Amino acid sequence: MIVSRAVTDNLSKASWIRRMFEEGARLKQERGADKVFDFTLGNPEIEPPPAVLAAARRVLESTAPHLHAYMPNAGHVKVREAIAGRLRVSTGLPYTANHVLMTVGAGAALNTVLKALLDPGDEVLTVAPFFAEYTFYAENHGGKLIVVPPRADLTPDVAKLEAAITPRTRAILVNSPNNPSGVIYPRETFVEIEAMLARAARPIVLVSDEPYRALVFDGVAVPEVPPLVRRSIVATSWSKSLAIPGERIGYLAFSPRLPEAAEVGDQVIDVGPYREKRDLMYEGLTRIGYQCVKPQGAFYVFPKTPIPDDVAFVRLLAEEGVLTVPGSGFGMPGHIRISLTVERDTVVRALPGFERAFKKARG
């Protein structure tokens, strides 16, 4: 065997989305696409806004010299200064271009910052449920991901986070709005985290992964982390908010309040369709009897399964032509992730399948 045991083990844990996607292709061929309801992928089904497409065309058609040549390692200064300007307005902090590093999407942003922070054996804390790739991101740079259970409302339990800190803890990685739960972590949580970090025996950085910041519902505000947490770094992209995941455009923003910022460094979409599908799915599932924290952002629903074995329940749903992903893949067994990047009609037509599977599970 030429593939490392660590990679093999992690692939077995993180491959549920891929497996269910492949199962969907098989079922669509077997039953017909109109009889299969695929909620597995977080891939926006809408097209980018016209303004985004027009901006892309302007760049491609520009005759400016060297526009597509190599750029500075941190990205074009003009772009970084534009982002810094927006951050100055939103946070009230004195961001400059030197606080911004352009990356190939949010995943590359997280890998970049963890490479800068971690020595072999160092630990990164995160809160369940979490994006499955976080395990890889930590291990890519010799680190280890430590998963901390959440509160009942799926927000961080700061006391449990503090109890999980060891001399090897270098970073805490949070994702709000959260994938897979859609929960937004409140301002008070970050205030508590700041107090916790101030008590820590050694410097620990909070890394805030924010690709869903613009996708919020019901008037809920996503707190700006840097004004609340001194040692903070934001990683984000426009993949979800502008429906351009294939373009892989993201950035890291090092808080001006972060003492090591210089050393570590050396919006806009209509959420109406997602909110409507969130409401349809959440109300439909809870009517059936599923227990679920109502998502406040992102485009996922993360209900509890009616039986403890989430993998077995995913199979029951698949028998009904409904494809979801087990919560086990996100560090939260006993749940399923439902992606709302589908047409509204798909949600409506899938709900009877969710109900039949629920009744089968309950016997």
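The axes of helix α11 (residues 310-319) and α12 cross at roughly 130°, so α11 and α12 are oblique to each other. The model is predicted.

**Helix α11 against α12**

- The axes of α11 and α12 come within 9 Å, and their crossing is right-handed.
- On the α11 side the contact involves Phe-313, Leu-316, Leu-317 and Glu-319.
- On the α12 side these residues meet Gly-353, Phe-354, Ala-357, Phe-358, Lys-360 and Ala-361.
- By residue class, the contact of α11 with α12 comprises 7 nonpolar, 1 polar and 2 charged residues.

**Helix α10 against α12**

- Helix α10 (residues 272-288) packs on helix α12 (residues 344-362) at an angle of about 15°, and the two axes are 10 Å apart.
- Because of that angle, α10 is roughly parallel to α12.
- The crossing of α10 and α12 is right-handed.
- From α10, the contact is made by Glu-276, Lys-277, Leu-280, Met-281, Gly-284, Leu-285, Arg-287 and Ile-288.
- From α12, the contact is made by Arg-344, Val-347, Val-348, Leu-351, Phe-354, Glu-355 and Phe-358.
- The residues of this contact between α10 and α12 divide into 9 nonpolar, 1 polar and 5 charged.

**Nonpolar cores**

- The largest nonpolar core has 65 residues, and those touching the most other members are Phe-39, Ile-172, Phe-190, Leu-206, Met-281, Ile-338 and Phe-354.
- Helix α12 gives the most to this core, with 7 residues.
- Another core, of 25 residues, lies apart from the largest one and has Ala-74, Tyr-137, Leu-173 and Ile-233 among its members.
- Beyond its neighbours within four places in sequence, Met-281 is in contact with Phe-39, Val-301, Ile-338, Leu-340, Val-347, Leu-351 and Phe-354.

**Buried residues and their contacts**

- Tyr-290 is in the loop between α10 and β9 (300-301) and is buried, with a relative accessible area of 4%.
- Leaving aside neighbours within four places in sequence, Tyr-290 contacts Leu-285, Pro-303, Lys-304, Pro-306, Phe-313, Leu-317, Phe-354 and Phe-358.
- Tyr-290 and Val-301 are 11 residues apart along the chain, and their C-alpha atoms are separated by 11 Å.
- Thr-346 belongs to helix α12 and counts as buried at 15% relative accessibility.
- Leu-87 sits in helix α4 (residues 77-91) and is buried, its relative accessible area being 11%.
- Not counting residues up to four places away in sequence, Leu-87 touches Gly-92, Tyr-95, Val-100, Tyr-251 and Ala-253.
- Leu-87 and Leu-252 are 165 residues apart in sequence, with a C-alpha to C-alpha distance of 12 Å.
- Phe-136, in helix α6 (residues 134-139), counts as buried at 16% relative accessibility.
- The C-alpha atoms of Phe-136 and Asn-111 are separated by 9.1 Å, while the two residues are 25 residues apart along the chain.

**Backbone exceptions**

- Most residues other than glycine have a negative phi, and most peptide bonds are trans.
- Ala-128 and Pro-129 are joined by a cis peptide bond with omega of about -10°; Pro-129 is in the loop between β3 (123-127) and α6.
- The bond from Ser-176 to Pro-177 is also cis, with omega near -5°, and Pro-177 lies in the loop between β5 (169-175) and α8 (187-199).
- Ala-243 has a positive phi, near 60°, and is in the loop between β7 (232-237) and β8 (250-254).
- At 7% relative accessibility, Ala-243 counts as buried.
- Ala-298 has a positive phi, near 60°, and is found in the loop between α10 and β9.
- Ala-298 is buried, with a relative accessible area of 0%.

Key. Residues numbered from 1 in each chain as written. Predicted model: local features only at pLDDT ≥ 70, side-chain atom pairs only at ≥ 80, totals over all residues. Heavy atoms only, no water. Axes fitted to C-alpha atoms, helices over the stretch in contact; angles between N-to-C directions. Helix = DSSP H or I, 4+ residues; strand = E, 2+ residues; numbered from the N terminus. Parallel < 35°, antiparallel > 145°, perpendicular 65-115°, else oblique. Left-handed = near helix turned anticlockwise from the far one by under 90°. Contact = heavy atoms within 4.5 Å. Nonpolar A, V, L, I, M, F, W, Y, C, P; charged D, E, K, R; others polar. Core = buried A, V, L, I, M, F, W, Y, C linked by side-chain atoms within 4.5 Å. Buried < 20%, exposed > 50% of the residue type's maximum accessible area, 1.4 Å probe, protein only.
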